[in-house]
Amino acid sequence: MKKYLMAAALLAAASAHAHISLEQREFAAGSYQKLVFRVGHGCNGSPTVAVSIRLPEGFAPMKPMLKNGWSIERTPDSLAWRGGPLPDESYDEFVMFGKMPAAGSHTFKIVQSCQFGSANWEATLETR
């Protein structure tokens, strides 16, 4: 039991410090949903100028929400917002909409690019 409690505490601590996270992490398989990725801050004080999200298998195509001051680049398996900048002391949300894939665990690979530096993140959601 202690092992499970320690693992849960570590997972909670890791998600509490996640810098780009999903607003909601569980959806019905096959449903159409809005996915909201929250960007909590920049890279070591540097403003965010791009957020690139690689879509797990089964998610493409997703429709991105437009943002003033940002352009959108699409490939069959990714979406990227470029522009801003989003100051380090502010947060914002990057939104996409589409059909959820079959039941399972799905991990998004995210690159946050800043004026100085970048950071790699992962966000996982479950479909049931």
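**View 1. Cys114 and its burial in the predicted model.** Cys114 is buried, with a relative accessible area of 7%, where buried means under 20% relative accessible area, exposed means over 50% and partly exposed lies in between, for a 1.4 Å probe and protein chains only. Cys43 is buried as well, at a relative accessible area of 8%. This is a predicted model, in which local features need pLDDT of at least 70 and side-chain atom pairs count only at pLDDT 80 or more, while totals for chains, interfaces and linings use all residues. Residues are numbered from 1 along each chain as its sequence is written, and side-chain values use heavy atoms, with hydrogens and water left out.

**View 2. The disulfide of Cys43 and Cys114.** The structure holds one disulfide, a term that stands for a pair of cysteine sulfur atoms within 2.5 Å. The sulfur atoms of Cys43 and Cys114 are 2.1 Å apart, and their link is right-handed, with 65° about the S-S bond. This pair links distant parts of the chain, 71 residues apart, with Cys43 in the loop between β3 (32-39) and β4 (48-54) and Cys114 in strand β9 (residues 104-114). Strands (E, at least two residues) are DSSP runs, numbered from the N terminus.

View 3. Six strands form an open sheet in the order β2-β10-β9-β4-β7-β6, with mixed pairing; two strands pair if DSSP finds at least two bridges between them. At the edges stand β2 (26-27) and β6 (70-75), each with a single partner strand, so one side of each is left without a neighbour in the sheet.

**View 4. The pairing of β6 with β7.** Strand β7 (residues 78-86) runs antiparallel to β6, and six bridges join the two. Ile72 has Trp81 in β7 as its bridge partner.

Notes: Helix = DSSP H or I, 4+ residues; strand = E, 2+ residues; numbered from the N terminus.
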